[in-house]
Amino acid sequence: MQENHHYDIIVIGSGPAGQKATFQASKLKKQVALIEKSPRVGGASLHTGTIPSKSLRETVMHLSLLRQQTHGIEINLKENLTTQELMYRKEIVILEQENSLRRNFEKNNITVIEGTPRFQSTTTLEISPADGSEAFEITADYFLVATGSSPIRPSWAPFDNECVFDSDTILNIKHLPKKVTIIGAGVIGCEYASIFSKLGIRVNLIARDRNVLPFVDRQIAENLMYQMRNQRVTLRLGENVEDIEKINAGEVHVKLESQKILPCSTVLVAAGRIANTTGLNLEEIGVELGRNGLIKTVENFQTAQSNIYAVGDVIGFPGLASTSMSQARIAVLHAFGELESEKMPKDLPLGIWTIPAVSMVGKTEEELTDACIPYEIGIAHFKEISRAHIMGENEGILKLLFDPETLKILGVHIIGPHASELIHLGHSVMFFEGTIKYFMNTVFNSPTLDEAYRIAAFNGMNRLDHESL
């Protein structure tokens, strides 16, 4: 039993959103409990999603640069790497992050309770301890649900964690595959296609749409598809899967509705995600759920029950660690009457860790065209940037969309090295309603990748000058 049965706020889920919520509530001097059903804190982001996949990507990128002898140094590397060697850095990062997280919970006087929660009412939560001991109840004035999401596992996919995987289990693969078929060309599918192909593994990437990443600016997505094909990724666009058949221990056949058969050794199904709301008893206490179990919220992330908030993947798009943490902070401040001018930015930066990486903020060309909003384009190619040449990564572009009259920035789209870091400069200028003249007039350290902003801004102004002739 817990010594303190009543809390000011109970947070369910220890991923990025849950972490931010508990720390914010602690700063307000509130009594906080964090419920986590897993014996390990950090959620999917730390253990099966963001952190491990990006750690693996970093390892693969370093390995690729060494093998290409980009810097003129010949290093003999073994050809047949094991998954244990590739995952070495990932495991270190996860362990260090988890230990740091536990120290922060302790330092902020947050009570961490391991067990499975279930709402008995809008103020009472029943906890079934992981060790099988007797269930107990705790109460709170406010609740914040941040239980995240899990991969959708279609009934037609014979998941066995040996040949057929989802995005949670693929990191436990025992042997590097000879050929991979990835079903789904969203963020997760494209990221893993890039990682596997960079390792020299043949990849089939199946997309129901005629494009990958349909929400991304088309020029950027087409650039990514071009570079994926250069990495020997075979794009199967506009295709649907009819069946997956395991032929023997090392061979799987993926049959498409077009009657193509794709033989491979490994299948990764990345067919979307479903909210982790099963078993919470939310609908019975008056919290509304939508498609795929997503919790419906209103302003400031309140549910239909005003003392229960929900943030992060469990409420849907964009389902990013970055946005989830901001949502959690706003929700907690609102619950305790401390919300002042804080609100979610109108434009949110998105990062996609493909190879090369993609990042964006604001409107795409397609969205501006559909809305009949005039715009002009400024483009910088990374092959023009000395810093990119020094790094040995000179593929990709930085693209500015701006109003031809006011010169205010409408969108920033990047494909290339460190795209997800570079995007923040453009985002900041947009947030303060700046114009492309900022990039023309400011002084950039050189050589840096940020210089691409200046080149893109001058390119855009040159286009305006030419159009006025």
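Helices (H or I, at least four residues) and strands (E, at least two) are DSSP runs that are numbered from the N terminus. The model shown in these views is predicted, so that local features need pLDDT of at least 70 and side-chain atom pairs count only at pLDDT 80 or more, whereas totals for chains, interfaces and linings use all residues. Residues are numbered from 1 along each chain as its sequence is written, and side-chain values use heavy atoms, with hydrogens and water left out.

View A. Phe301, a residue other than glycine, has a positive phi near 70 degrees, and it is found in the loop between β15 (273–275) and β16. Phe301 has a relative accessible area of 13% and is therefore buried, where buried means under 20% relative accessible area, exposed means over 50%, and partly exposed lies in between (1.4 Å probe, protein chains only). Lys29, which is not a glycine either, has a positive phi of about 65 degrees and is placed in the loop between α1 and β2 (32–36). With a relative accessible area of 73%, Lys29 is exposed.

View B. Phe317 and Pro318 are joined by a cis peptide bond with omega at about 5 degrees, and Pro318 has its place in the loop between β16 (308–310) and α8 (321–335). A cis peptide bond also joins Ser446 and Pro447, with omega at about 5 degrees; Pro447 is found in the loop between α12 (437–441) and α13 (451–467).

**View C. The salt bridge between Asp217 and Lys399.** The structure holds 13 salt bridges, a salt bridge being a side-chain nitrogen of Lys or Arg within 4 Å of a carboxyl oxygen of Asp or Glu. One of them is formed by Asp217 and Lys399, whose closest N and O atoms are 2.7 Å apart. Asp217 lies in the loop between β9 (202–207) and α7 (218–230) and Lys399 in strand β20, so the pair ties together parts that are 182 residues apart in sequence. Asp217 counts as buried, at 0% relative accessibility, and Lys399 likewise counts as buried at 0%.

**View D. The salt bridge between Lys260 and Glu239.** The side chains of Lys260 and Glu239 meet in a salt bridge with an N to O distance of 2.5 Å. Because Lys260 lies in the loop between β12 (251–256) and β13 (261–264) and Glu239 in the loop between β10 (233–237) and β11 (241–248), the pair ties together parts that are 21 residues apart in sequence. Lys260 counts as partly exposed at 33% relative accessibility, whereas Glu239 is buried, with a relative accessible area of 8%.

View E. Lys255 and Glu242 meet through their side chains in a salt bridge (3.5 Å, N to O). Lys255 lies in strand β12 and Glu242 in strand β11, so this pair ties together parts that are 13 residues apart in sequence. Lys255 counts as partly exposed at 28% relative accessibility, and Glu242 is partly exposed with a relative accessible area of 38%. Elsewhere, Arg40, Glu98 and Arg102 are linked in a network of salt bridges.

**View F. The surface patch of positive charge.** Lys20, Lys27, Arg103 and Lys107 gather in a patch of positive charge on the surface. Patches are made of residues with over 30% relative accessible area and no salt bridge, like charges being joined within 9 Å and nonpolar side chains (Val, Leu, Ile, Met, Phe, Trp, Tyr) within 5 Å. Helices α1 (16–27) and α5 (88–107) each supply at least two residues of the positive patch. Lys20 lies in helix α1 and, at 32% relative accessibility, counts as partly exposed.

View G. Thr354 lies in the loop between β17 (350–352) and β18 (358–362) and is buried, with a relative accessible area of 0%. The side chain of Thr354 reaches the backbone oxygen of Pro356 at 2.6 Å. Thr406 lies in the loop between β20 (397–402) and β21 (409–415) and counts as partly exposed at 42% relative accessibility. The C-alpha atoms of Thr406 and Met430, which are 24 residues apart along the chain, are separated by 13 Å.

Notes. Areas by Shrake-Rupley, 256 points an atom, 1.4 Å probe, with all protein chains shown as cover. Lys, Arg positive; Asp, Glu negative; His and termini not counted. Charge placed at Lys NZ, Arg CZ, Asp CG, Glu CD. Polar contact = N/O pair within 3.5 Å; in protein donor to acceptor, adjacent residues only side chain to side chain.
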